[in-house]
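Reader: I should like to learn how to read a structural model of a protein chain. Please take me through it, with the general idea before each case.

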Amino acid sequence: MSEQKEERYEESQLYKIRHSAAHVMAQAVLEFYPETKYTIGPPVENGFYYDFELPEKITEEDLEKIEKRMRQIISGGYPFVKKVVTAGEARKIFAAQPYKLELIDGLEKGGTDEYGNPLAEKPEISIYQSDTFTDLCRGPHVETTRQINPSAIKLMSIAGAYWRGDEHNKMLTRIYGTAWRTPDELKNYLKMLEEAKARDHRKLGKELEIYTYDDEVGPGLPLWLPHGAVIIEELEGLAKEMERKAGYTQVRTPHLTKEDLFLRSGHLPYYAESMYPPMEMEGTKYYIKPMNCPMHHKIYGSKPRSYRDLPVRLSEYGTCYRYEKSGELFGLMRVRSMQMNDAHIYCSEEQFEQEFMGVIDLYKKYFDLFSIDKFVMRFSLHSQAGLGKKYVDNERLWLKTEDMVRRAMTNGGVPFVEKQDEAAFYGPKIDVQIMSAIGREFTLATNQVDFAVPERFDLKYMASDGVEKTPLCIHRAPLATHERFIGFLLEHYAGNFPAWLSPEHVRVIPITDSQNEYAEATVRQLRDLDIRASADISAQRMNAKIRDAQLMKVPYMLVVGENEAKAGQVSLRVRDGSRADNIPLAEFIARAKDRISRRAAEL
Ligand SMILES: [Zn+2]
Ligand SMILES: [Zn+2]
């Protein structure tokens, strides 16, 4: 159950297939447009791309002929042949390819790879040839083009991309493709993409009136509409309930603080790029907070603590602000203001394992509740090379805390994979990736161990032997931010929220005006019982009212006509298509109350 071996994507057959398909695509493009300057073409998640400087503009219609030519090349069964060359030889081979020459310079100097990415060691320079195409490349590739399944490739789209991602450079043409082992895999992937499009949280967020953006408010600063605010309330209610039961206490902290606090925490100057610029008041600089931790540390430190007080678990749905480049903002997934399901647990070393597992248990409870069946826990470790740079320079403490986490996870029977060199700067962390109902991966929660910052804040407790010690701190945010989590939930449920999360539980629909009064009385009765209900007394026909409620994905519709009104009954139409005609209102209320109070998945 403990540590799992995870095949690195870079070493997988799929990676080789995609990398090889990128070469084949480049060959086809060069055949159609011989003046093309080609740059780089790496595999990416689910596929590959290649960036070209083309002699003419191409459109998505041109992809068809390129794809057709790719299939011909593939059927040729050309081997991929590697050759190690000197920089001089490479320059000769790529004499007409200025981008490659630039990359060769980088390789020769060391410090970058053939894609121009930073690299620790100085690499050897190698080329790969297949049929008429030669690329500056380290591999790996499949043995021959025949190992690419011609029925499992597809060119997807064209986009603009700056050379080296720098807007001062030339805009290149990027062609995206996807490649799989089998036609079935390709089919499933395309189906998933289509489903993801229909479930796009930006589309659903608009249709279901969850959130909006406004130019005058600013990019990345979502305005939560009434429906979104209800979901937030419910999530916060859930988190507070679970945290109360798990022994947390709630705190609240301001949105801005003096510069000194972030200097002490170490966020300044290192994290300044991700913070909003400071404002000056009374000769002091103030920052709006990018995270809540330093303030929670101050609350911990606000009075003397003894071992009897530990663990101290402070939680807060704190609103934080981070500066993200405007080009990187994306719906609710990448924003500039965010409300985080934050908490900090201060504990002794002896308490660590139990506390850490308590957090993992909380995750599992949430996953269960939201029907998240697939998740991966990634345990991110430090690297020796990064000590003193990316990571606090104390190898002994790194090894010790990493060991504590590993032991806790193993003892708790939690499957996890280890990732070198991806820790936080103050300690190891667990990143939790969850899959939505259509199998898309989201990184949501993190659970981090901090053995460094409590010391910077001079946090102490009196141990049982009368000696002052520094507590460990666990940072955790299982429900991530409201922004990310609601974005995820929109996709996961395709907007069909379980009743407890639905912005509107019940829509009462009178068949004619004569039942308006009964409809409104029903709504008052439901609201009294804390059921979110409204009546549609518009002038529309009944069918149009029903359609409206369906578009808003309201879980329960109560249709009321003359008979229902007379008998104090309702005709229930459930979102899943089931119905129950002429039932006593009390019967429906019992059902709705039950589903809502249990936070049930079924309606
Ligand atoms: Zn290559
Ligand atoms: Zn924190």
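Author: Let us start with burial and one helix. Buried means under 20% relative accessible area, exposed over 50%, and partly exposed in between (1.4 Å probe, protein chains only); helices (H or I, at least four residues) and strands (E, at least two) are DSSP runs, numbered from the N terminus. In α10, the buried residues are F352, E355, F356, M357, V359, I360, L362, Y363, Y366, F367 and L369. This is a predicted model, in which local features need pLDDT of at least 70 and side-chain atom pairs count only at pLDDT 80 or more, while totals for chains, interfaces and linings use all residues. Residues are numbered from 1 along each chain as its sequence is written, chains are lettered from A and ligands numbered from 1 in the order in which they are written, and side-chain values use heavy atoms, with hydrogens and water left out.

Reader: Why does the end-to-end distance of helix α10 agree with its number of residues?

Author: The expected span of a helix is 1.5 Å times one less than its number of residues. Helix α10 (residues 349-369) has 21 residues and should therefore span 30 Å; its end C-alpha atoms are 31 Å apart, which agrees. Just after α10, S371 takes a positive phi of about 50°.

Reader: Which residues touch the most other members of the largest nonpolar core?

Author: A nonpolar core is a set of buried Ala, Val, Leu, Ile, Met, Phe, Trp, Tyr and Cys residues joined through side-chain atoms within 4.5 Å. The largest one here has 104 residues, and F356, F370 and F588 touch the most other members. Helix α10 supplies the largest share of this core, 10 residues. A second, separate core of 47 residues includes A21, I73, A90 and I175.

Reader: With which residues is F588 in contact, leaving aside its neighbours within four places in sequence?

Author: Contact means heavy atoms within 4.5 Å. By that criterion, F588 meets V506, L526, Y556, L558, V570, L572 and I583.

Reader: Is A424 buried or exposed?

Author: A424 counts as buried because its relative accessibility is 12%. A424 is found in the loop between β18 (417-419) and β19 (429-435), and, beyond four places in sequence, is in contact with Y391, W398, K429 and Q448.

Reader: How many helices and strands does the protein chain have?

Author: The protein chain has 17 helices and 28 strands. Of its 603 residues, 51% count as buried.
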